[in-house]
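I opened a notebook for a structure that is new to me. These entries record what I looked up, one topic at a time.

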Amino acid sequence: MELRSSQWYAGTDRNASIHRAWMRRGVPGSAFEGRPQIAIANTASDLTPCNRHLSEVAQSVRDGVYEAGGIPLELPVVSLGETNVRPTAMLWRNMAAMATEELLRANPVDGVVLLGGCDKTIPALLMAAASVDLPAVVVPGGPMLTGTFRGRPLGCGTDTWRLSEEVRAGTMSRADFLASESAMIRSRGHCNTMGTASTMGLLAEALGTTVPGVAGTPAPDSRLLEAAHATGLLAVELVSADRRPSALLTRASFHNAVVALAAIGGSTNAVVHLLAIAGRLGVELTLDDVDAIGSRVPALVDLQPAGRFLMEDLHRAGGFLAVLREVEDLLDPTALTVLGTRLVDHLRAAEVHDREVIRPRSAPLLAEGGIAVLRGNLAPDGAIIKPAAASPHLLRHRGRAVVFDSVEDFRARVDDPDLDVDADSVMVLRGCGPRGYPGMPEVANMPLPTKLLEQGVRDVVRICDGRMSGTAYGTVVLHVAPEAAAGGPLARVRTGDWVELDVPGRRLHLDVDDDELAQRAPSPESARAYAAPRRGWERLYVDHVLQADTGADLDFLVGSSGPEVSRESH
């Protein structure tokens, strides 16, 4: 088999000499003679704190590639830190995917190891790998260790939301809240709750793109480095076997990912990422599929934000494969892994060591743990809710809308003592979709008005065309499509309208006559707050981004282009 990299390095002409000469710098001539060139796509960055340790992981991958006879080539790629990047890391997921795809295609590489952790990095890397379709394998960076504060475990993200509300309610001092920071972030690694980073690391394994058994390994655990070394070895094998993402990421793989998403009580953000990855491959996956496949699957993992424990507990309790074994009968047995084996073949040796953390099917955390897809005149193209993180008494609810036209409008008025809101109200925030914000930020889990917190209220129904952190909780309807900025009905809701939420019935309805709703003008206050970039990536994004119900990719990035480069550079 001729290596792709030989198109650059083989031969004695001027161009081949140029390609080899500038890469020599201490590398022996044999490096260019039929040895697979393996890129290590590394999202490590000091500004992405959850991924800072990935350069150490990359070194173990390098060792494995060398041992297998390949040549490792570290490739820094766009890194997105969820906690710091403004206006939202989601604005650049598609850019990170596009840049990684183009760099892999343009360079003399035969395969790639994808190193990601923080929320958008694994989705972006998988979107890139799907589009360029070179042999690829993921090493998830892993969660941080459990931190404790005054004897109590802290879940990063989830406890930030919870404790900050207690400060606003007057039941916790600000000094104690600030003191919890360093205790919460105890070690290297991404969030230790079942947030988006943890969810996407596990779903990368459900999709077949990691070495089975690796996902969920805590970042400081030396076994992660051992797995990284083994993945380096595997990357060379993938090239020789010509095992590509298009052969692994099939309808069966996405079916298994949706089942897994429900069983682990995973992040709502996974829905938009799975849709985008599938779109790069031409795999048919819709919101209705997410509901049909996953909505009746029991949630078995008792982890924050839906439950009690944290990712380190899941690892010691048997890990992700032990969870999948509990729902093996719901999986598609034909789906393959990067090893060339069936995913289900790796479940037989998996064992549950703690039935508090990984529940049996007979006593699930929640009987139906999947993401529920809602439709109605407020969300013609769909919206989603995570029942596992919601309040059961609010899953069927009718309340009066309290509308906010932008994030700024919300922040200016939410704590106004004269705000006409009560425990039965439905808080509506618009202008936060892919096009309107831009980038679909994690603002849908709106903090409750102080006056409700002081009354002991800790949840109300909230509706938004944006997202929420996977670490968040509450009865929050998300990803409303079309968004307000794309002409969706959300732009026409008025304070005082009655809203009906019926999660079992999969319905989200505005109790306004269809003719009246159609005749209403969209909110001018909201329209003034929509993004209107004049240049750069934001302009390109706003002009081409698709809606949440199809994955919020850019219209010209849907599909794949393969690894071929037709022209020489000199």
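**Entry 1**

I began with R355, which is partly exposed, with a relative accessible area of 39%; I use buried for under 20% relative accessible area, exposed for over 50%, and partly exposed for what lies in between, with a 1.4 Å probe and protein chains only. Before going further I noted that this is a predicted model, in which local features need pLDDT of at least 70 and side-chain atom pairs count only at pLDDT 80 or more, while totals for chains, interfaces and linings use all residues. Residues are numbered from 1 along each chain as its sequence is written, and side-chain values use heavy atoms, with hydrogens and water left out.

R355 sits in the loop between helix 15 (319–326) and strand 7 (372–376); helices (H or I, at least four residues) and strands (E, at least two) are DSSP runs, numbered from the N terminus. I looked up its contacts, meaning heavy atoms within 4.5 Å, and, with neighbours within four places in sequence left aside, found E326 and P360. From R355 to G318 I noted 37 residues in sequence and 9.7 Å in space, C-alpha to C-alpha.

**Entry 2: Salt bridges**

How many salt bridges does a search of the whole structure find? The search gives 42, where a salt bridge is a side-chain nitrogen of Lys or Arg within 4 Å of a carboxyl oxygen of Asp or Glu.

One of them joins E326 to R355, with the closest N and O atoms 3.1 Å apart. This pair links distant parts of the chain, since E326 is in helix 15 and R355 in the loop between helix 15 and strand 7, 29 residues apart. E326 counts as buried, at 17% relative accessibility.

I then looked at D354, whose side chain meets that of R316 in a salt bridge of 2.8 Å, N to O. D354 lies in the loop between helix 15 and strand 7 and R316 in helix 14 (residues 311–316), so the pair ties together parts that are 38 residues apart in sequence. Here D354 is buried, with a relative accessible area of 17%, whereas R316 is partly exposed at 44%.

A further salt bridge is formed by E442 and R467, their closest N and O atoms being 3.3 Å apart. E442 lies in the loop between strand 10 (426–429) and helix 17 (450–454), and R467 in the loop between strand 11 (461–464) and strand 12 (476–481), so this pair ties together parts that are 25 residues apart in sequence. R467 is buried, with a relative accessible area of 0%. I also noted a network of salt bridges that links E101, E102, R105, R280 and D553.

**Entry 3: Helix 2 and R20**

R20 belongs to helix 2 (residues 14–24). R20 is buried yet has no salt bridge, and the nearest side chain of opposite charge, D13, is 6.3 Å away; Lys and Arg count as positive, Asp and Glu as negative, and His and the chain ends are not counted. Apart from neighbours within four places in sequence, R20 is in contact with Y9, A10, G11 and F32.

Which residues of helix 2 are buried? They are N15, A16, H19 and R20. Seen down the axis of helix 2, these buried residues fall within an arc of 130 degrees, so they line one face of the helix; the arc is that of the directions from the helix axis to the C-beta atoms. R14 and W22, on the other side of helix 2, are exposed. Helix 1 (6–9) is included in what covers the buried residues of helix 2.

**Entry 4: Cysteines**

I searched for disulfides, meaning a pair of cysteine sulfur atoms within 2.5 Å, and the count comes to zero. The closest cysteine sulfur to that of C118 is in C50, 4.5 Å away, which is too far for a bond. For C464 the closest cysteine sulfur is in C432, 4.2 Å away, again too far for a bond. C118 is buried at 3% relative accessibility, and C464 is buried at 0%.

**Entry 5: T196**

My last entry concerns T196, placed in helix 8 (residues 196–206). T196 is buried, with a relative accessible area of 2%, and, residues up to four places away in sequence not counted, touches D119, S267, N269, H273 and G470.
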